[in-house]
Amino acid sequence: MIQNTILKETKFDIPFAKPYITDEMDYIREVVESGWWTTGYKTAEFESLLVEYLKDNEPLYCTAVNSCTSALFLSLKSLNIKEGDEVIVPTWTFTSTAQIVEWLGAKLVLSDIEKNTLNIDVHRLENLITSKTKAILPVHFAGYPCEINEISSIAEKYNLKVIEDSAHAVGTKYHHLRIGNYSETTCFSFYATKNLAMGEGGAVVSRNKDIIDQIKKIAYLGINRNAYRRYDKEDSWYYDVQQLGYKCNLSDLHAVIGIAQLKKLDWMNDKRRHIVKIYKDKLHKDIQFLKDSEEHYHSHHLFPILVPEYIQRNDLINYLKSKSISTSVHFIPVHQHSYYKTQFNHKDFPVANQRFEQVISLPNYPSLTDDELDYVIKNINHFIRSK
């Protein structure tokens, strides 16, 4: 009864996600007052800083774009994925990872996932490969790295490209090397909820300079020169459209937010990890957690929990909502969406189907206070004990 009283008297309004803001407005003001708001020197600066943050001893190249979706699409395009080709994607992902394959006229091949990580099941990959398979597109779900070494070995065996969807994994390390140093391309998201948030934005990184040069060109309408350089006093107005391209460039207004965020990214990721540790220490014993490992650095973009089988997932979500605690579900498997149901057999994805009934993502962001965190934990535990 004492605990019930505490829960009723203590109330917070806790969003699911919230960017951590310090001096971002100073950076934005500088760009606004400069008069140059679109892609310019600040975007180039962000690209350089991101490379310095990610790279190991080998050279790394980068282009910033307007979203991770664009980064993934342009990666496939630059690697000549085309109509008739097949690309393997985990069903446990956001829809954009799947849709970009079809944008190119290629065939989407979905894979089931590992039950303890919700990452692509590497043991199923070879069964999905055909003579038409050209690429594997693994997703580092929630910030925990896929088994990139195993995926790379399979890709090499069958002469396939690997494009990493690292929307959740900026700062993640796989065997002590940051994600971004392993595959043909690695694509990041800087959407408003991400570990490094700039509202909208993304980036492609690669050790192959030719790939990045090609993506830079097609990301801005196939034009051979950046617009901001054409307006320099010492430069020429002339430019040439050398091939068909798209409009996926990042603005300086977004890039400077990224510059500010990047300077504190490691601290923000460590804070997320600290919050996760408290969750794991204090949440009810019947709640399951996904795999973690001391071999890797998990950036914990998301903190998903698996509710006990005797709990209806949506009942817990609605209860927390009644307490002004926002949660989310990551993800509705691709094959369960109306558009894809006719293309895929529901029974081919038993792990994804099971985990979808259990998973809830809890609030996890650097500005989440100890009192707010305690409030979330107490309400979850109270609900489970009542069942």
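A salt bridge is counted here when a side-chain nitrogen of Lys or Arg lies within 4 Å of a carboxyl oxygen of Asp or Glu, and Glu30, Lys42 and Glu45 are linked in a network of such bridges. The structure is a predicted model, in which local features need pLDDT of at least 70 and side-chain atom pairs count only at pLDDT 80 or more, whereas totals for chains, interfaces and linings use all residues. Residues are numbered from 1 along each chain as its sequence is written, and side-chain values use heavy atoms, with hydrogens and water left out.

**Overall build**

- The secondary structure of the protein comes to 15 helices and twelve strands, where helices (H or I, at least four residues) and strands (E, at least two) are DSSP runs numbered from the N terminus.
- The protein is as compact as a globular protein of 387 residues, because its radius of gyration of 22 Å is close to the 21 Å that the globule rule gives for that length; the radius is taken over C-alpha atoms, and the rule is 2.2 Å times the number of residues to the power 0.38.
- Taken along the principal axes, the box filled by the C-alpha atoms is roughly 75 × 55 × 40 Å.
- Of the contacts between residues at least 6 apart in sequence, 73% join residues at least 24 apart, a contact being heavy atoms within 4.5 Å.

**Surface and burial**

- Of the 387 residues, 54% count as buried, with buried meaning under 20% relative accessible area, exposed over 50%, and partly exposed in between (1.4 Å probe, protein chains only).
- The protein exposes about 17800 Å², of which carbon and sulfur atoms supply 49%; accessible areas come from the Shrake-Rupley method with a 1.4 Å probe, and for residues only the protein chains shown count as cover.
- Helix H10 (residues 252–262) is largely enclosed by the rest of the structure, because nine of its eleven residues are buried.
- The buried residues of H10 are Asp252, Ala255, Val256, Ile257, Gly258, Ile259, Ala260, Gln261 and Leu262, and what covers them includes helix H2 (24–34), helix H3 (41–54) and H11.

**Charges and salt bridges**

- The protein has 46 positive and 49 negative side chains, with the centres of the two sets 4 Å apart; Lys and Arg count as positive and Asp and Glu as negative, while His and the chain ends are not counted, and the place of a charge is taken as NZ of Lys, CZ of Arg, CG of Asp or CD of Glu.
- Side chains of opposite charge can pair when their charged atoms come close, and the count of salt bridges comes to 16.
- In helix H8 (residues 209–218), Asp213 and Lys209 are four residues apart and separated by about one helical turn, and their side chains meet in a salt bridge with an N to O distance of 2.8 Å; Asp213 is partly exposed at 31% relative accessibility, as is Lys209 at 41%.
- Lys277 and Asp281 lie four residues apart in helix H11 (residues 265–282), about one turn of the helix, and form a salt bridge whose closest N and O atoms are 2.9 Å apart, with Asp281 exposed at 53% relative accessibility.
- In helix H15 (residues 370–385), Lys378 and Asp374 are likewise four residues apart, about one helical turn, and their side chains meet in a salt bridge at 3.2 Å, N to O; Lys378 has a relative accessible area of 27% and is partly exposed, while Asp374 is partly exposed at 28%.
- An α-helix has 3.6 residues a turn, so residues three or four places apart point the same way.

**Backbone and loop details**

- The peptide bond from His330 to Phe331 is cis, with omega near 0°, and Phe331 is found in the loop between helix H12 (313–322) and helix H13 (338–341).
- The loop between H12 and H13 also holds Lys323, which touches Lys11, Phe12, Tyr375 and Asn379 when residues up to four places away in sequence are not counted.
- The C-alpha atoms of Lys323 and Val376 are separated by 8.9 Å, although the two residues are 53 apart along the chain.
- Ala142, which is not a glycine, has a positive phi of about 70°; Ala142 lies in the loop between strand S4 (133–136) and helix H7 (148–158) and is buried, with a relative accessible area of 2%.
- His176 has a positive phi near 70° and sits in the loop between strand S6 (173–174) and strand S7 (177–178), where His176 is exposed, with a relative accessible area of 63%.
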